[in-house]
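Subject: Handing over the model

Hi,

Here is the structure I said I would pass on.

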Amino acid sequence: MPVRPLPALLTSALALALTALPLAGTASAHPTSSCSAAAIEAASPAGPDVKALCAALAGLPDQDATAALIRVGGRGSWHGAAGVRDMRTGAPAIENARFRAGSTTKVVTAAIVLQLAAEGRISLDGTVQQYLPGLLTDAFEPITVRQLLNFTSGLRPGKSLGGTTEEMYPHRFETLTPAEVVAASVAKGPDPDNAPGERQVYGNIHYTVLAMLIEKVTGDSYAHQAAVRIFRPLGMRHTSFPAGPDPRVHGPHNRGYDWIDGKLVDVTEWNMSDRWAAGDMISTTADLERLLVGLFRGRVVPEPQLKEMFAVPDAVDATMGAPFSPFELNGRTVWAKTGSRPGYHTVVAATRDLSRTLVYSVNSTDARGDGLAIAQRFAFPAFNR
């Protein structure tokens with residue numbers, strides 16, 4: 001498919017504008033009233049550390065992020081936003097903005113699979129060979145649905161349009177279908193060093209195959225199954241998937257930027273269709289909070305299937321379940337899933353008892369880079385107390 005002509009890039013003058021923006025007129029006036037002196041003073045000791053959260057938002061936009069949206073729930077709720085909607089205009093960030101949610105999409109995919117298991121339509125011990133005959137060659141050992149869910153399938157990465165944002169950027173309007181991604185993985189053959197179940201290797205390929213399984217078992221599209229099983233029942237009215245290769249984020253949104261060759265470049269428009277059920281979702285912080293609460297309360301996936309989401313397998317290098325990862329913060333276990341696409345970094349996190357929940361979307365200028373640094377700044381303060 002031919003590449004659509006590139007829009008005009010932001011020049012180095014825009015990068016200079018990042019430090020020249022009148023921060024007092026944009027970000028400082030906009031971590032909203034949630035960060036006013038009165039709001040910080042009035043914050044409940046039982047709730048999140050509002051002062052620390054406001055400190056994280058202070059000074060945006062800066063070299064690391066152009067905007068940030070944070071939403072905290074549980075015992076004491078709080079939400080705030082800071083930064084700019086558009087670097088060209090300096091308009092303040094929109095708190096209810098839609099954004100690319102990246103790999104938090106995998107939470108939805110896992111939930112659909114586990115619903116199908118609860119309905120008896122699939123078995124987690126059933127195999128890819130059973131549900132998708134002909135997808136894998138005879139060279140592959142049986143791969144179970146559970147191994148796909150917890151990233152121990154042994155499948156190797158499929159075709160991509162580049163390994164870094166810089167490499168992918170010139171190809172951002174090209175279409176790489178999930179079928180092409182999986183075919184390239186299969187063509188590589190089994191991983192000679194890791195049989196199914198032996199080692200956890202995080203990657204999109206596992207959840208791309210799971211979406212194929214969903215479509216085969218239901219006879220329906222993955223996107224429609226996500227809508228009728230997850231989004232509509234939970235009231236996630238602003239969550240959707242792009243129509244095929246549509247590169248736009250429809251509805252109100254803050255534009256995403258990334259440093260490319262020393263210049264701050266607008267990366268908002270991007271065809272993400274190759275990420276599909278592994279990372280193509282567009283959502284809001286309020287909708288992702290609904291997803292978290294619904295899941296953890298058992299309204300989406302019933303027990304015992306729900307425990308699979310938090311079950312770290314007995315495998316080499318295993319650090320996550322299907323797909324939540326545990327983190328110890330301030331003496332409590334927090335289960336989290338991150339997502340990153342160029343210009344957008346997302347986190348959903350909560351304690352199992354929902355005493356504290358967190359969703360953020362940060363318009364990081366290195367969203368696919370050091371996610372820990374972003375989390376330390378914008379996520380950890382939510383769990384300070």
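First, the ground rules. This is a predicted model, so to speak of a local feature I need pLDDT of at least 70, and side-chain atom pairs count only at pLDDT 80 or more, while totals for chains, interfaces and linings use all residues. Numbering starts from 1 along each chain as its sequence is written, and side-chain values use heavy atoms, with hydrogens and water left out.

**The chain as a whole**

The protein chain has 13 helices and ten strands; these are DSSP runs, numbered from the N terminus, with helices being H or I of at least four residues and strands E of at least two. Along the principal axes, its C-alpha atoms fill a box of roughly 65 × 50 × 35 Å. The radius of gyration is 21 Å, which agrees with the value near 21 Å for a compact globule of 385 residues. That radius is taken over C-alpha atoms, and the globule rule is 2.2 Å times the number of residues to the power 0.38.

Of the 385 residues, 57% count as buried. Here buried means under 20% relative accessible area, exposed means over 50%, and partly exposed is in between (1.4 Å probe, protein chains only). The chain exposes about 15300 Å², with carbon and sulfur atoms supplying 53% of it; the areas come from the Shrake-Rupley method with a 1.4 Å probe, and for residues only the protein chains shown count as cover. As for contacts (heavy atoms within 4.5 Å), take those with a separation of 6 or more: residues 24 or more positions apart account for 71% of them.

The search runs on a 1 Å grid over the protein atoms alone: a cavity is a set of points where a 1.4 Å probe fits but cannot get out, a pocket is an open set with protein on both sides within 12 Å along at least five of seven lines, and lining residues have an atom within 4 Å of a point. Grid points are joined across faces, edges and corners, and a volume is the space filled by probe spheres set on the points.

The second largest pocket has a volume of about 170 Å³. Which element gives the largest share of its lining? That is α13, with four residues. Both β10 (356-364) and α13 (371-378) supply at least two lining residues each. Among the residues that line this pocket are Gln63, Asp64, Val362, Asp366, Arg377 and Phe378. By class, the lining divides into five nonpolar, three polar and four charged residues. For the classes, Ala, Val, Leu, Ile, Met, Phe, Trp, Tyr, Cys and Pro are nonpolar, Asp, Glu, Lys and Arg are charged, and the others, Gly among them, are polar.

There are two cavities of 30 Å³ or more. The largest cavity comes to about 60 Å³, and its lining includes His171, Arg172, Trp270, Asp274 and Arg341. That lining has four nonpolar, two polar and four charged residues. The second largest cavity is about 30 Å³; Leu69, Arg98, Phe99 and Tyr344 are among the residues lining it. Its classes are four nonpolar, three polar and one charged.

**Single residues to look at**

Two peptide bonds are worth a click. Leucine 60 to proline 61 is cis, with omega near 5°, and proline 61 sits in the loop between α3 (50-57) and β1 (65-74). Glutamate 303 and proline 304 are also joined by a cis bond, with omega about 5°; proline 304 is in the loop between α12 (285-296) and β7 (325-329).

Then there are positive phi values. Tryptophan 276, not a glycine, has a phi of about 40°; this residue is in helix α11 (276-279). Buried or exposed, then, for tryptophan 276? Tryptophan 276 is buried, at 16% relative accessible area. Asparagine 330, also not a glycine, has a phi of about 55° and counts as exposed, at 52% relative accessibility.

Lastly, proline 245 is in the loop between α10 (222-231) and β4 (257-260). Proline 245 lies 70 residues from threonine 175 in sequence, but 6.3 Å away C-alpha to C-alpha. Leaving out residues up to four places away in sequence, proline 245 touches Thr175, Asn271 and Ser273.

Cheers
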